[in-house]
Structures are given as structure tokens and as C-alpha cells.
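Subject: Structure handover

Hello,

Here is the structure we talked about handing over. My notes on it follow below.

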Amino acid sequence: MNITPENMTTKRFQEAVDSAAKSGTELTVEPGAYVLGTIFLRDNLKLNLKRGAYLFGTADFSEYSSDVDLFTDAVDNLRGKSLIYAENVTNVKIYGGGVISGRGGIFNQEHPNHLERPFLVRLIGCKNIALDGIELRDSAAWNLHLMDCEDVTVTNVTIKSRVNENNDAIDIDACRRCVISGCSLDTGDDAICLKATVDRPCRDITVKNCVITTNWAAIKIGTESVGDFENITISDCFVYDCNGCGIKIVPVDGGNAKNVTIQNITFLNTTGPIFIANGERLRVYHEGHERKEPGVIENLLISDIHGDAVNAIGTTYKGEAWGNAKSCIVVSGTETARLKNIVIRNVDMQMAGGEAMAPVGKVPEMGVRYPEFHNFGVLPAWGIYVRHADGFRAENVNLTLKSKDVRPMCVTEDIKE
């Protein structure tokens with residue numbers, strides 16, 4: 001079945017989706033511009049977006065359906081509306097060279113619906129999903145949200161989105177058996193972020209061969225983190241022009257992060273580059289899904305890391321410095337949720353340095369505060385800072401300075417084994 005943009009409405013596009021899915025035929029979207037509200041995917045749908053086909057999100061907010069799974073995000077906004085949506089569907093493939101664009105700049109801070117602005121693609125409780133070769137562009141919020149899904153592949157997908165706030169590229173939320181491969185991501189917020197807004201594990205996740213540039217974190221585990229993160233492998237990625245830390249592991253809502261391997265990552269002009277920090281925020285996103293105790297980070301291997309780190313140039317937010325962090329590898333548990341068995345191996349990095357005065361006083365404990373890397377202030381080391389850990393090893397780590405620095409390369413506090 002083929003469709004063209006002439007006289008195409010949201011209703012007619014949805015009817016074509018329903019018909020193709022029911023009959024088991026492929027729905028081919030011919031080149032042209034299609035302006036749509038929420039489209040619901042169905043079981044056994046094959047959607048071929050041909051090169052030159054553009055699915056644009058409508059400017060009419062009323063056309064984004066409220067009949068979807070809504071949730072409260074990390075900044076207390078009710079979210080979940082989206083342009084492309086699916087809930088509890090199986091066997092869906094979206095492929096081709098076409099573009100899905102949210103035109104997210106429409107829903108800017110002056111827009112009355114800014115705080116509930118729509119996502120681009122959101123899949124909830126789905127199985128056997130494949131996205132291949134398409135481009136996601138200019139979401140008003142997150143670009144691709146996979147929640148409680150199983151057996152998902154995202155291959156050779158391009159994401160370009162810096163037109164609004166919270167422009168995460170790919171959010172993998174409490175999913176199992178997901179593979180992200182060969183993707184090119186250019187985004188204003190976290191590029192690849194593993195989350196758990198519900199108390200279910202984010203498990204058996206593979207990310208490989210991706211090129212990432214972002215105004216915030218490139219590869220992140222955490223923020224929303226009620227569920228556990230287990231058996232995560234991230235490898236063979238290139239990260240450049242990244243302002244919010246290259247690798248960030250920050251489970252703060254009770255979820256545990258165990259058996260995580262990150263290897264063969266190259267950084268260019270990247271802040272951080274590595275920030276690992278537990279937390280005790282324990283926020284709840286869905287009723288009935290909460291943790292009473294902070295989780296642990298355990299059995300983590302980061303190896304074969306190369307490139308250069310830079311100091312972040314941030315701003316002021318609510319009266320305090322935001323994003324102004326000095327380059328350093330940070331590994332920080334809490335006094336009650338210690339890190340266990342952390343290994344950093346085969347690292348060759350240039351660090352920014354440049355501090356003429358040693359900091360005075362202790363590095364602040366975060367407690368229930370979200371442990372953003374700049375909230376630690378100027379660290380006592382220019383290379384590696386480690387605290388509250390049981391079993392930490394740094395093997396074959398070669399760090400050099402770009403600018404003279406009075407601080408030592410490595411400082412540890414409260415380390416056992």
C-alpha cells in the first residue's frame with residue numbers, strides 16, 4: 001500500500017496504518033510533506049518512509065492525543081504525548097531514508113503548552129521493534145523514548161535535535177534486549193540515556209559504533225533510576241564537542257547499576273570525561289514504583305578510553321554555577337551507598353588542568369541532591385578523584401596536562417581494597 005501527501009490528514013494517515021497492519025502489507029510513504037498529529041502504530045506494521053518523505057508534527061497541540069501513558073519526569077512535568085506512539089504492540093519496523101520531524105521550536109518557552117510539549121517517537125511495552133535508516137529531527141522534547149520494551153534494534157538512525165529543552169536523542173527506559181548500532185546523534189541534551197522510571201530492570205543493552213555530539217551528556221546511565229541497570233555494554237563510539245560529560249553513571253533513585261562495560265571510546269573536545277556518582281534522591285515517577293534505599297554501582301569496567309578533555313563553559317542557574325566543571329575523572333559513592341569493584345583500564349587522555357590555587361575544604365557530599373558533576377566544585381585532583389569505594393583499580397592510565405596545575409594527579413578518600 002502506497003500513500004501520497006495530497007489531502008492527507010491525521011485521520012487518513014491513521015486509517016492507512018490500520019489497514020496495512022491488519023492486512024500484513026507494507027505501508028510505503030511516498031516523498032512529500034505530511035503534517036500530522038499523533039499516529040498510533042499497530043501490530044505487524046511495516047512502515048517504509050521513502051527518502052524525501054517528511055512526517056511533520058502539527059502546530060495544533062490539541063491533535064496530540066492524551067490517550068497515552070503519561071508520567072512525571074525528573075523536573076516534575078507531566079509528559080508523554082507524542083507524534084508517533086505505540087503501546088503494547090509487537091512486530092513493528094520503520095525504515096527507509098525518510099524524516100520524522102517534530103518542529104519542536106514551535107513549542108518554545110513562550111508557548112502555553114511548553115511544559116507538556118510532545119515527544120517525537122514513544123514506544124511503551126512493545127516487543128520486536130526495528131528502526132532502521134530513518135532520521136529523527138527537531139523534537140520538542142525527547143526524540144526516541146523506549147519504555148518497558150523488549151527486543152529492539154535501532155540501526156543507522158540519524159538524530160538531529162537542538163531546537164528546544166530536554167532534547168534527548170535516545171532514552172532507553174526499563175527495557176530488555178536493546179541494540180543501538182551505527183547511529184549518528186546530534187542533540188541538545190543527553191544523547192544516549194538509560195533510564196528506569198519504573199521499578200523494572202534496564203537489562204541486556206548494547207550500544208556500539210555510534211558518533212555523538214551533544215550539549216550535555218553523551219552516554220548516560222541514570223537521572224530517572226528507580227529500576228536496576230544490568231548487563232550493559234557500550235563500545236566503539238566517537239564523542240566530540242560534548243559539554244555535559246562524555247560518560248555519566250548517576251543512579252540516584254534506588255536503582256542498582258551492575259555489570260556495566262564501557263570500552264573503546266574516543267573523545268574530542270569533551271568535558272568530564274568520566275563521571276560516576278551514586279545518589280540518594282529516591283524520586284518517584286509512577287505511583288507504586290518506588291525504592292526506600294539507595295542503590296549501588298557494582299562491577300563496572302571502563303577501558304580503552306582515548307582523547308582530550310576540556311573544562312566546561314557553563315552559565316548561572318538559580319543563582320549558582322551551572323555546568324562550570326573542571327576536567328577530571330570522578331568516581332564517587334556516598335557514605336551509605338559505597339561503590340564496589342570499579343576498574344578503569346587503558347586510558348590515554350589529555351586533561352585540561354590550569355588551576356593555580358589548590359581548593360580549600362572537603363568536596364561536598366551530595367546526599368539527596370542530584371550529583372551533577374559541577375556541583376562538586378573544584379576537585380582536589382586534576383586527573384582522578386575517587387571516594388567511598390570498596391575495590392577500585394586504575395590500570396595503565398596515562399593522563400597528561402594541557403596547562404600547568406598545582407593539584408596532584410590523583411586523590412582518593414575513604415577507599416577500601
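This is a predicted model: local features need pLDDT of at least 70, side-chain atom pairs count only at pLDDT 80 or more; totals for chains, interfaces and linings use all residues.

Strand β26 covers residues 247–251 and is mostly covered, with five of its five residues buried.

Which strands pair with β26? One is strand β24 (residues 219–225), which runs parallel to β26 and is joined to it by five bridges. Within this pairing, threonine 223 has proline 251 of β26 as its bridge partner. Another is strand β28 (residues 274–277), also parallel to β26, with three bridges between them. There, isoleucine 249 is bridged to isoleucine 276 in β28.

Glutamate 372 is in the loop between β33 and β34. Its relative accessible area is 4%, so glutamate 372 counts as buried.

**Salt bridges**

How many salt bridges does a search of the whole structure find? The count is 31. Some of them are described here.

Aspartate 168 and lysine 195 meet through their side chains in a salt bridge, at 3.9 Å from N to O. This pair links distant parts of the chain, 27 residues apart: aspartate 168 sits in the loop between β17 (158–161) and β18 (170–173), and lysine 195 in strand β21 (residues 192–196). Are these two residues buried or exposed? Aspartate 168 is buried because its relative accessible area is 2%, under the 20% cut-off. Lysine 195 is buried too, with a relative accessible area of 2%.

Arginine 369 and glutamate 320 form a salt bridge between their side chains, with an N to O distance of 2.7 Å. Arginine 369 belongs to the loop between β33 (339–353) and β34 (384–403), and glutamate 320 to strand β31 (residues 320–322), so this pair ties together parts that are 49 residues apart in sequence. Arginine 369 has 36% relative accessibility and therefore counts as partly exposed. Glutamate 320, at 34% relative accessibility, also counts as partly exposed.

A further salt bridge joins aspartate 405 and arginine 407, whose closest N and O atoms are 2.8 Å apart. Aspartate 405 counts as buried because its relative accessibility is 11%. Arginine 407 is buried as well, with a relative accessible area of 5%.

There is also a network of salt bridges, which links Asp148, Glu150, Asp151, Arg176, Arg177 and Arg200.

**A nonpolar patch**

Which residues form a nonpolar patch on the surface? They are Val211, Phe238 and Leu268, and together they have about 220 Å² of accessible area. Leucine 268 is located in strand β27 (residues 257–271). At 43% relative accessibility, leucine 268 is classed as partly exposed, because that class lies between the buried limit of 20% and the exposed limit of 50%.

Regards

Terms used:
Residues are numbered from 1 along each chain as its sequence is written. Side-chain values use heavy atoms; hydrogens and water are left out. Patches are made of residues with over 30% relative accessible area and no salt bridge: like charges are joined within 9 Å, nonpolar side chains (Val, Leu, Ile, Met, Phe, Trp, Tyr) within 5 Å. Accessible areas come from the Shrake-Rupley method with a 1.4 Å probe; for residues, only the protein chains shown count as cover. A salt bridge is a side-chain nitrogen of Lys or Arg within 4 Å of a carboxyl oxygen of Asp or Glu. Helices (H or I, at least four residues) and strands (E, at least two) are DSSP runs, numbered from the N terminus. Buried means under 20% relative accessible area, exposed over 50%, partly exposed in between (1.4 Å probe, protein chains only). Two strands pair if DSSP finds at least two bridges between them.
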